[in-house]
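Please look through the sequence and the structure below before reading the notes that follow. They are grouped by topic.

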Amino acid sequence: MKKAIQQAPLTCCLVGVCVLVYLLEELAGGATNSAILLNLGANYGPFVRAGQWWRVFTAAFLHIGLTHLFLNMMVLYYLGRTIEELTGHLRMAVIYLVSVLMGNLVSVAVQPVTISAGASTGIFGLFGAFLFMGSEFRQYPALRGLARQYLILVIINLVYDLIAPGIDIFGHLGGLVGGFLACALVGVPTLGEIHLRKRFLGGTILVLGFVLLGKVVFFQG
């Protein structure tokens with residue numbers, strides 16, 4: 001555990017904060033209680049539009065039940081460690097934050113009256129970052145093969161999202177795209193250089209995406 005903290009302190013911190021927040025949820029009255037989730041910062045369109053914009057960030061640390069927390073933390077820990085070791089702590093932070101914000105803004109834009117919470121927007125962003133690395137740095141067979149496996153896993157998850165009730169597929173898709181574009185923007189120096197044109201394009205699409213989502217979420221109607 002000490003080695004994991006040294007190698008991927010941000011990932012371990014994210015997992016630790018999510019666990020602590022979950023304990024707070026339970027102490028406050030239950031992690032499946034909608035009122036408790038809203039009081040602690042879950043994502044909810046009417047409140048976000050009323051000025052509580054921080055919910056698109058705080059929702060990433062809340063989880064709806066123990067199974068939700070356990071599954072998300074397992075994936076976040078193993079995937080996050082890999083991404084953090086490849087990109088570095090600061091780039092990993094940018095990728096994760098961008099994914100969370102984009103995923104939760106997309107969720108509000110498409111499902112304005114749905115309560116949503118969970119680290120999965122950020123997790124799908126990490127998947128998106130890995131897909132970008134696999135497509136950009138094809139000279140690494142192991143990386144390319146792992147990216148293909150993750151792509152299959154993402155497709156399976158999205159199909160499951162379509163048929164299972166209560167899952168925020170739009171938040172997942174927004175996080176996936178956000179992570180892909182954010183990785184293109186910040187780069188991965190440990191693997192190689194990314195052409196400036198690709199980085200500029202990734203950054204431009206991100207900015208335009210946030211502007212459009214901001215207009216839909218905060219100025220709709």
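Is Lys 198 buried, partly exposed or exposed? With a relative accessible area of 42%, Lys 198 is partly exposed, because buried means under 20% relative accessible area, exposed over 50%, and partly exposed in between (1.4 Å probe, protein chains only). This is a predicted model, in which local features need pLDDT of at least 70 and side-chain atom pairs count only at pLDDT 80 or more, while totals for chains, interfaces and linings use all residues. Residues are numbered from 1 along each chain as its sequence is written, and side-chain values use heavy atoms, with hydrogens and water left out.

**Confidence**
- The mean pLDDT of the chain (the predictor's confidence in each residue, from 0 to 100) is 93, and 97% of its residues reach 70 or more.
- Confidence is lowest in helix α1 (residues 2-7), at a mean of 72, and highest in helix α5 (residues 55-58), at 97; helices here are DSSP runs of H or I with at least four residues, numbered from the N terminus.

**Salt bridge**
- The count comes to one salt bridge, a term that stands for a side-chain nitrogen of Lys or Arg within 4 Å of a carboxyl oxygen of Asp or Glu.
- In a salt bridge, the side chains of Lys 198 and Glu 136 meet at 2.9 Å, N to O.
- This pair links distant parts of the chain, since Lys 198 lies in helix α11 (residues 196-219) and Glu 136 in helix α8, 62 residues apart.

**Helix α6**
- Met 74 has its place in helix α6 (residues 66-87), and at 39% relative accessibility Met 74 counts as partly exposed.

Technical notes:
Helices (H or I, at least four residues) and strands (E, at least two) are DSSP runs, numbered from the N terminus.
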